[in-house]
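The structure comes before the account.

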Amino acid sequence: MGSSAATAPDKVNLAIEARGLIKRFDGFTAVDGVDLSVPEGAIYGILGPNGAGKTTTLRMLLGIIDPDEGVRRVLGHDRPHEVAHTIGYLPEERGLYPSMKAYEAIAFMGALRGLPLAEGRRRGKELLEAHGLGYAIDRQIRQLSKGMAQQVQLLGTLVHEPRLVVFDEPFSGLDALNQGKLERMIRGLAEKGTTVIFSTHVIAHAERLCDEVAIIAGGKVPFAGPVDVARDRIRPQVRLETRAQDGPWRAALPAEARHEGSFWYFSLPGSGIEPLLRALIEGEAGVLSLSIERAGLHDAFVAIAGEAAARALEASPDEETAR
Amino acid sequence: MSVQPRSGRLSTMAAALVIARRDFTAILFSRSFFFFLLGPLFPMLVGGLAGGIGQRVQEKAVRPELGIAMAPADLAAMTAAYERLAPQLGLLPVVVKVAEVEPGQAFDARAALSDKRLNLAAVVTGTLDQPVLTGSQDLIERWQGPVGLVAAEARQSAPSTFPKVTLAPITSQTTADQTRSRLVTAQLGQTVLFLLTMLLAGMVLSNLVEEKGNKIIEVLAAAIPMDAVFLGKLFAMLAVSWVGITVWGMMGTAVWLVSGHSLQDYPAPAVGWTAFLGLGVLYFSMGYLLLGSLFLAIGSMASTVREVQTLSMPVTMLQLLNFFFASYAMAQPGSVVELAAATIPFSSPFTMLARAAQDPRLWPHALALAWQVVCVALCVRAGANLFRKRVMKSGPARGTGKGGLLKRAFAR
């Protein structure tokens, strides 16, 4: 994970600040009051199930579409296109001109962000060489494999050395090796001070990379903040193994404790582990093993997103079904 | 990697040029562009050949022949008289001997006129004293005089000499001639402008389908304003059109000059040929950008080439109406109708080009061009907004079934 980011938005420079973003399409509310604060230099994950509103949120942040309500500030500007030359964006649906050569495609993407074409061509060749794609420099995009074309587009996203990089589902379509490569690249960008935002529905990437996350579900953000805080939303999980199967000590177990095989599983009670330990010892349960594990981001995500989805379904069943 | 030079913020125009350069080079160096250039040359070639052949056929067919079927002496006298008078009368038909008819022998003039082997328009029979002219009513009425004169000359009852008439041709046209001929130039200019605009602006319809198909549109939309994307595409297609027009124009001009024509053969427009051609270039550009921006906006709503094809018909019909309106207005210079046609953006270029042929003043063109630039900007802005609001949606596609395009365009 990257370095811990500050949590108080008013004390740090924010790369992105959004308040109350709402977007409706044909009466369907795709994004419903999203608030985000992304500190500069952070790796920020936007997590959510499919159709949660991640892409629409990113599109609003980048100025591709305008919100119906709410405000956004990107690198200090209300109009994202004013700072487009300092932003890199890799959309979920990848695409390049098939007839372009690889280095020209990178140069073109740089030119769109204000990088002179000649410089873009030079950098494009350098980047391709540096990432082991030197043999593809003069090949047309249509001659490359899907994975290679994706890498070319990724390099095109970075060719103008942006201050803020936004990736929409960057890991989809990549094999395990290239996923690892991309994770290293994201860390490298953060080390150089670049703010990286990426959306994903694969939580493991976010857990490994992100300083902070926002969980989007049903167009809303039920949680936004540091990963640790998200994990702390779920109480640690206790796994207990005893020699005795029954006894008065069982009364000390939480009501939701479930027994699977020789183990008991339950969330750590609010009173802590000490009263339980005392009861186990006094009740001669014969403790064989006891582990307390902090909740993972995946568990936190499932709990938070699940609760949000349930609330949304309760509030507006038709819209949630449509989503 | 070198950190210099760094990227800088692009203006809308600079961003449009990035798009235009990419599109222009991509189209220019594509294989299909060669066929695009060749496309109009085939009809021109076929048209030229057909025209040449047709002209020969027509020359042969329309050159009226007057057949003579008389007694041998009368026939010889008529022919000789014709030879003598032809240089002075000029408009006489070609005279051909059809038959020598012995006195008392009947000759069927109607049968001779129906004979497919002959090319007779009328036949003279009878005698020098009583010639009979057989043919269609209007023709024999016109030829009655010349035939009578030739017969009189043949029997030597015509004056032995004719007074010499001195010719005094005029070089300048009468006002009526000038008005009529400039109207012809105006019509020609309008028609050429319409054909070129329709032929070339239609290409824009499918322009954004490629981007949507390649999923590039989101990369473009994130980097630069959609206005710049639209403008860039329009500029690129305009430049491609100019390449095409230049190539076709050069080839057409070469053929035209080789065949012995020059601009002097045609009625000069009121503003002069140089200004007229210059205005033609400007009005084509404006007409193209106006229609192109409309096509681009509508075409951008389409998801498939089939939808684009479906769209092209009503748009073409609407533009045809604009052309007819401009043509109607052309015949009423200075009227409210002409003012309306010059103000409505999509008929304005046609109307104003026609005006250039008829009216020597140049300031209305400056005004019209400025107005057309404003309309192009508005159309581009409206199209880009529509595209951003209606097309750049994520998630499952909605409204792609029957009437999906209209739903996408107008749904709130």
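## Domain layout

In this predicted model, the domain assignment divides chain A into domain 1, covering residues 9-225, and domain 2, covering residues 237-293. The centres of domain 1 of chain A and domain 2 of chain A, taken over C-alpha atoms, lie 46 Å apart.

For chain B, the assignment gives domain 1 as residues 63-154 and domain 2 as residues 176-410. Between the C-alpha centres of domain 1 of chain B and domain 2 of chain B there is a separation of 58 Å.

## Contact between chains A and B

The contact draws 37 residues from chain A and 29 residues from chain B. On the side of chain A that touches chain B, the elements that contribute two or more residues are helix H1 (54-62), helix H2 (102-112) and helix H3 (117-130) of chain A. H2(A) supplies the largest share of this side, namely five residues.

By residue class, the side of chain A that touches chain B comprises 17 nonpolar, 10 polar and 10 charged residues.

## Helix H11 of chain B

Helix H11 of chain B runs over residues 273-301, and its 29 residues should span 42 Å at 1.5 Å a residue.

Conventions
Residues numbered from 1 in each chain as written. Chains lettered and ligands numbered in written order. Predicted model: local features only at pLDDT ≥ 70, side-chain atom pairs only at ≥ 80, totals over all residues. Contact = placed C-beta atoms within 7 Å. Helix = DSSP H or I, 4+ residues; strand = E, 2+ residues; numbered from the N terminus. Nonpolar A, V, L, I, M, F, W, Y, C, P; charged D, E, K, R; others polar. Domains from an automatic or database assignment. Expected span 1.5 Å × (residues − 1).
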